[in-house]
Structures are given as structure tokens and as C-alpha cells.
Amino acid sequence: MQDVPVSNVAELFQAKVPGLNIQINTGSPGAAPTINMRGLSGISVTGSGDNAFLTPTSPLFVIDGVPVDLNTDYQYGFSSNGPGISPLSLIPPEDIEEINFLKDASATALYGAQGAYGVILINTRRGKSKTPIIQYSTNFFFNTPPKLRQVIGGAAESNLRLWEIYTYGTNIYSARQSIDNTPMLADSLNAFYNNSTDWQSIFYRSTYNQQHNVNASGGDDSFNYKINVGYYNEKGIQENTGFTRYSLSMNTRYKPSPKFNVNLILSSSLGNTQKGSGNGLLQTGVASGAGSSSLLPGPSLINSSAALGALIVDNDNKAGNIKTSVEARYEFLTGLALSNITSYDYSMGTTETFNPAILNNNVAGVYSYNDKRSTLYNRAMLSFNKSFQKDVHNLGAYVFSEVYVRNFQAHAIKQNQYTNDQYQGPFGTAAASSGGGVLDNYSDSRAASLAGSLSYNYKTKYLIEATFRLDGTSSTGLNAPWAKNPSLAVKWNFNKENFLANSKWLDVGMLRLSWGRNIAPVGSVFDANGTYDYYGNYNGIPTTAIDFNNLPNIKLLPTSTTQYNAGLDLNLFKNRITLTFDTYYKMVDNQLWQKNITTHNAFTKLKTNEVSNVNIGYELALSFRPLPATSKVNWTLSINGAYNKEKITALPDATRQILIEGGATGQAILYRLGRNSLTNILYNFKGVFATNDDVPVNPANGTRYHTFNGAVPVYFKAGDPYYADINGDYVLDSKDMVGAGNSQPLINGGISNFVSYQGFSLNVIMAYTWHRDILNNPLASGFQNFASPFSANNLVPISEYNIWRQSGDIANYPNPYDYLRYGNYGATDKSTQFLPFRYNQTLFQEDGSYLKLATVTLGYNFKPQLTKRLGITSLRVFATANNIHTFSFYSGADPETVSSLGRDSSGGYPVRRTYALGLNIQL
């Protein structure tokens, strides 16, 4: 893991574990990828259109026994008031020693109150050598932007605009008048419009970065210690963005006797990031600037404030974290032990943003934000393990209690109208437009659990384990205080049967069956019990009253995940072949959903638990060592993959379907029982009318197939798109839209090749996704820009696309130049507009399958005989290339850098390509 320099450790898990779907959908330093384990565990969506995001249901991360919940503050990555730094970005990968992935309900039973979406256990390094060891690792890496989109610049852009206006205008006189009214086209000798600006080169850059880590450790079984210090600095490939991490961690283990031991862990980290004009996932200023016409000059004090803002906004974001845990264990009698772990996790975040006056009508302003979050966790366990008749019968049992206490509070201040751009506070002079205080996302939650487990195995051949948990959370309603969560698992090590005891080909053979239920708290104590808010003045005194926006729900429940799992483990031919296969049926019930209610209830909205979905899947991991053990070359080929199919099984009020409006893009979302969640609602594009005679005619009245621009009919003709007339009325409207596509991949996984010879090693990792639909909004926007040749938008080359040009052409894309017939792409109601390149059509829904050459690492370990002369125990050098190339039929920039809803956006942050040189030294 040290070979690949990344700002977020979760990126390194991609393509490694079947069933763990990680999509690196943003290259913003410090931001987190999307993480789903065994399909979708939640289908709630925030926002709409290009700003629609799936509420994440990431697995629970447990780092050295301290739980880290990524879903509590899911703004990390988008729509964040705060720094937008993922907690995983504060973990130095160099300090990680072991990672375990728990997927089925039986395996996650120990973490049931939080483990409904899966659990990822991360253990950091510990001291193991009586002789003190010092390890130093470093990476010097160079980041470059990926291939950017082509644009038409300078005279070529101007000539294309003029040709379109003259060719498709009403006549030459009206065309000439329109040109004369557009200075950008009429005044070509004006230096302001006589440019060929490469906007993308202004915002994108190549960067030089570095990472350093020092680890000191030592000790034996009775006492050991470890200290780790890390530094990571990455400048973003977009100007005015970047991420820096400082980390310090320490742990020690003291075991004065075989019966008693204590583990102490203390870690701290600080992350600093610059987000430019964006929020970590989207870069609105860059998108606006890079979408400008090349005829305009580059950003300056008199032009392109949005683009200038992406470069000069003073944006400083910090996230700090301190974790500490104490774990003690005492064995009273042989096999009977009492253990307790207590941890405290404190995080803080700050944002300081200064907008110079030039960006806001000569009014400078500052935005200041700070938050604090704390989690206190305790688990006390009594365990018993006993073997009878010389390990023939083995019994294990434990009971434990678990408590979580979480708090969060945030403040923000906004001040406007400073004296000048050099004076940045603390007070502005525009009191009417300034303000601040405590934000309304305050939370104070509790969770308590009681659990027990009983396990038995016979000669480690037949194993059975049963667990039962009682989980209670403060966010549940008064009528449902406790959730009962059982699990059962059985295993059969059939390689230990007598008939296989002498087998030379079978090393390990195990069959596994499990069933269980876990929960995850959702909502807040306010959703269950209601809130009181400021409600005006009474006799000049501020008063409070019930918040009538949300009706309290005393029956609110935590989300519940029930899983059935069957698995097979095989190790063959002296472990040269290893195979793990799992199949599962996963039900996610009681998902949180906010619905509108009738106003005669006095309240307007209610949060309920009436949504459910099901995931059915298969997982396979196969590893093969083709060469014999005697070979000097060690070669390991590993392949893993997961198939997952998801369906909706319940919706609020027992409705059959729900439609979520599509916002500015019109890309609505359909939830319908029996089909996949997050279905797109689109016009079904069937092709392009080659001639006028191809347009259908209504036999009842002789009118051609048509639509409307407002109330004015627009009749289809040659070169226009042919949309399926679903209801057969020969009129294209919203009644002709259909459900199409699935934003979630059907299959995903990875391929890795590791080859070593003497001191040399080569590691190649590939990631793949198959059968995922993507809405290519940047392509639609590129075509839409031709609908307004007078606007100062950029134009992209479309010669590579098979567009309609003349009668009889069999084309894949409509005529983009007939601008006078087109409706308003910015209209609120796009169903009453003739828009050949509308976002919400199947023409721009493409297959997002891909095969990515993710990482190639070439390393060399120097011989110990050589390094010991220098006082060095081991020395390794390596070179790494990351995000090298993606093979895909998708016509957009990158099929991976799209939202979790499968929507590509021109405002996204592309993933960098990295070339690194590294060094590992041990003294």
C-alpha cells in the first residue's frame, strides 16, 4: 500500500475485495470515493439534476478498535458547509499493517449497532522486535491532468458561428442584423474579442508532490511500542486546490503477566485543503470558466469573475482529529476473561473563505465556519473458551455491553463589505447582509447494546455460532426503543473428513452458511420527538414554538439489514490455487424517507421507515500461482468479481411508484416496485429522421408528429430526433417518457498480477466495471451550445459524431445547427420545448463499462549483504504509475468520474494521473 501515494486510503481498496464497490468519482485531493458493500443499502437522494447525489451508506470503519462512521456527516464530498475532508484522508496508509473486510451479518455481529452496511477493520503497526527498528518511507510523485476535452478556438470558432447563422438564419438580412447586434462576432478587430483562449490550460496544471513517513518501534511480548510520524502534500491538478496531511500516532502494549495486558493508543492528524471555487466534488467556477468562448480574453479584473474566482478565492479548510483508546484484558481463570475497551474520538473542522471585492460587485466578504464532533465509545466483554477431550469439543461464549455517545455542533459567520481586499476581518460594515450563529444541524445521540454469543466446534470440523443483540438508539421513536438482532452461522471443514484426510490436492475446504440481522441508526432525535424553534415575538420578547415543518414520528426505527449467505473456501495443490465463493440475499428494511403530508395535519413533512430494497449477488475471488515452488520466479495471478442485482420491495404508503423531479436537467428518478432503484425517466430516442417522408402522420387528422415550443407547435422534419410516441397520440410530451437504465454496476471487480525474481518485483492492478448506465451530460451540453451561436459559450468539435447534414443521411445524432427552431434549454418546463439535445433522453445514456489499468509498480530490494555495510537492515526502491489508462466505449472523459447516480458533469473534478518514485529504508 505504500507504493501508491493517495490522499484517501479507501482508494487503495479498489479492485481488491469482491463485493466492495469503490468508485473514484472525484480527483479532488482529500475527498472520499463512493463505497458500497454488497450493493445499495440506501436509495434516498439529495438535490436534483446535476446536483443530485445518493445519500451514502458506506461500511463502518474500525481503526484500532475505534469506530469511524463515514455516513454521519455525509457532506464530505458535496454540499458541505465545512472543510469537506473525509475522515479517511487523515489516515496515513504507511502506518497500516492489516485490513479485514466483514460482509455477512454473522461476521459483523460484534458491531451490530453500526455494522448494517458492512465493517472494515484497520489495524496499525505495532512493535514486534526486541531490537528497536526505524523505518522511513517516502514518495516523490508527479500528477498530471488526464486527457481533457477538445474545443474549437479562435478564428475556427468565429467562422463556424458565422456559417451557422448564415446557413440556418431566416434570411441573409436578418442574419446580418443578428451578427451586427453581437459584438463578439461583429467586432473581430476588437482585441477583447479577437482571442483564442485555451481556458482549460488556465485552470489545469501538472504538480510535483511528496510524502514522508517515519516509524519507530520495538519491544517483545511483555512490552512493545510504536511511534509513527507522517507528512503528505499534494497540489491539485486544478489551480487553487490541494491537500496536506500531518499525522502522529503512538501505541504501546504492556503485558506484565500471562493473565493481564493493557493496550494504549493515541493518534492525531491534521488535514488542510483548498477547494478553489468548489465543494470537493464539483468545481462550479472552473466549469463556468472552462465553458467560455475562446474568443474572450482570459480571466482578469474586467472579465470572467466566475473563472477568476476559481483562481483567487482565498479558501482555507482544516480538519483535525484526536483518537485515544485504552483496552485492558484480565483472565481470571483459564479460558475466562474480562476485557474492556474505551475510546474517545474528537474532530474539529474550520473553513475560512475570503471573496475579493472584484468577484462580488466591489463588495468583499468573508465566510467563517467551525464545527466540533466527539464520539465516546465503550465495550465491556466477558468471554469464556474451553476445550474438552483434547480439543475434540471446543466451546466459546461471550457477553458484552456497548455504549456510544455522539455530539456535533457547528457555527458559521458571514461578513460583507470590507474596506479593501487586504483587510479580511474581523468585522464588515454591511450589517444587513451579514450574520452568523449556531447552525441547525446540531446533534446529540446515544446508542446502547447488549449482546451474547455461543459457539461450538467438533474437532474444528463442524462449527456453529449463534449471537443475539439488543440495540437501542436515541433516534428511534418512543414506541420502538429496542431492536432485536440475531445471527446464526454454521461451517463445515470437509477437508478434515476421513475420506479426504490423505488427499494430496486439497489443503483447505470449507462450506459456510449464515443468517443474521444488523441495524444502523438513521435520522435524529428530532425526527422522532420534534423540535422547538424561534417563532417570532410576543410582547417584544422572542418566543419558541413547535416546528410545524416536520411531524414527530414516535414509531421511527433504525435501518435493518437481514442477510442470508452461503460460501465455499478452497485451497488446492499446496495452496497454489485458492478460491472463495459467496452468494447472498440481502434485505435492507426501514430505510429513512421524508414524505409530504396533507396540510390539515398542521405539519407539512414526516420522516418514516417505509422503504425497502433487496440485493442478490455472487462473489468470487480466485488466486493462482502457475509456477512450481522450486521456480526462481514467483508469479501470482488474482482475479475477483462480484455480481449484484438490486430491486425495490417497498415504498411509502404502499404506493407502486414514486417519481422525483429532475430539476434543471429534467433527469427525473423513478422508484418502482420490482425494478432497480434510481431508474432514469427519459425520452426514448429511436434515431434521426432521414427525410421528411419518414415522419409519422396521424391518419385521423393528417397532422405530422409534432411537439411544442410553449403553445406554438413544432412539426418534426428531416434531421430531427425520432422519439418513441409511447401513448400513440402523435404528440411528443412528458407522457412519452419511459423508465430506462441502471446507474449501479451489475458486475465489478479487479485483476492483479504479481511477479518477483530475486530482488525485483512487478505488480500490475486492473479494475473493471461492467454494465452500468451513464448520462453523458457534457456531451449534451456540447451539442446544446450550437443552439445559440450568439452566446459566449465554447464550441466543441463534433465532426467525429455521425450528425445529420442533408436529406437522406442515416445519422446517429440530429442536426445541431437549426437553432431558430429550438426551444429554450433553460426553460423550467422542458416538456413543452422542442429540444433535440435535451439531457433527459436515451441518446445520451451510454454504457459506462470500463477496464482500468489502475497501478503498475516496479520495485527492487537490495541484497542485505550490501545494505548492512551501510547500517541499513533493508532498502527498497520502486517506481509507480497510477490511473494509467481506461479502456471504455463511453464517449465522455472518464466513465468513473461520475456521480453515484451515474451522471457525468462538466463541473466534476477529474482524477489525476500519477508517476511516483519511492524509497523504503529500515534501520
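The exercises below work through a predicted model, each with a solution in steps.

**Exercise 1. A pair inside helix H1**

Find the salt-bridge partner of Arg 161, and decide whether the two residues are buried or exposed.

*Solution.* 
Step 1. Look for a carboxyl oxygen by the side chain of Arg 161. Glu 157 supplies it, with the closest N and O atoms 2.8 Å apart.
Step 2. Test the distance. A salt bridge needs a side-chain nitrogen of Lys or Arg within 4 Å of a carboxyl oxygen of Asp or Glu, so this pair counts.
Step 3. Recall the helix rule. An α-helix has 3.6 residues a turn, so residues three or four places apart point the same way.
Step 4. Check the cover. Arg 161 is buried, and so is Glu 157.

**Exercise 2. A pair inside helix H2**

Which side chain meets Arg 176 in a salt bridge, and how accessible are the two partners?

*Solution.* 
Step 1. Name the partner. Arg 176 meets Asp 180, at 3.0 Å from N to O.
Step 2. Arg 176 and Asp 180 sit in helix H2 (residues 172-180), and they are about one helical turn apart because four residues separate them.
Step 3. Sort by accessibility. Buried means under 20%, exposed over 50%, and partly exposed in between. Arg 176 has 37% relative accessibility, so it is partly exposed. Asp 180 has 46%, so it is partly exposed too.

**Exercise 3. How H1 and H2 pack**

Describe how helices H1 and H2 cross, and list the residues that meet.

*Solution.* 
Step 1. Two packed helices are described by the angle between their axes and the distance between the axes.
Step 2. Read them off. The axes of H1 and H2 come within 8 Å. They cross at roughly 145°.
Step 3. H1 passes H2 in a right-handed crossing.
Step 4. List the contacts. H1 brings Leu 162, Ile 165 and Tyr 166. H2 brings Ile 172, Ala 175, Arg 176 and Ile 179.
Step 5. Link back. Arg 176 is in this contact list, and its side chain also forms the salt bridge with Asp 180.

**Exercise 4. Salt bridges elsewhere**

How many salt bridges does a search of the whole structure find? Then classify the residues of the bridge between Asp 471 and Arg 469.

*Solution.* 
Step 1. Take the total. The search finds 26 salt bridges.
Step 2. Look at the pair. The closest N and O atoms of Asp 471 and Arg 469 are 3.0 Å apart.
Step 3. Classify. Asp 471 has 2% relative accessibility, so it is buried. Arg 469 is buried as well, because its relative accessible area is 2%.

**Exercise 5. A nonpolar surface patch**

Which strands each supply at least two residues of the nonpolar patch?

*Solution.* 
Step 1. Find the patch. Its members include Ile 134, Val 214, Leu 248, Tyr 346 and Leu 923. Together, the patch residues have about 950 Å² of accessible area.
Step 2. Assign the strands. The answer is E11 (223-235), E12 (241-257) and E15 (336-355).
Step 3. Check one member. Tyr 346 is in strand E15. Its relative accessibility is 31%, so it counts as partly exposed.

Key. Residues numbered from 1 in each chain as written. Predicted model: local features only at pLDDT ≥ 70, side-chain atom pairs only at ≥ 80, totals over all residues. Heavy atoms only, no water. Patch = residues over 30% accessible without salt bridge, like charges linked within 9 Å, V, L, I, M, F, W, Y side chains within 5 Å. Areas by Shrake-Rupley, 256 points an atom, 1.4 Å probe, with all protein chains shown as cover. Buried < 20%, exposed > 50% of the residue type's maximum accessible area, 1.4 Å probe, protein only. Axes fitted to C-alpha atoms, helices over the stretch in contact; angles between N-to-C directions. Left-handed = near helix turned anticlockwise from the far one by under 90°. Contact = heavy atoms within 4.5 Å.
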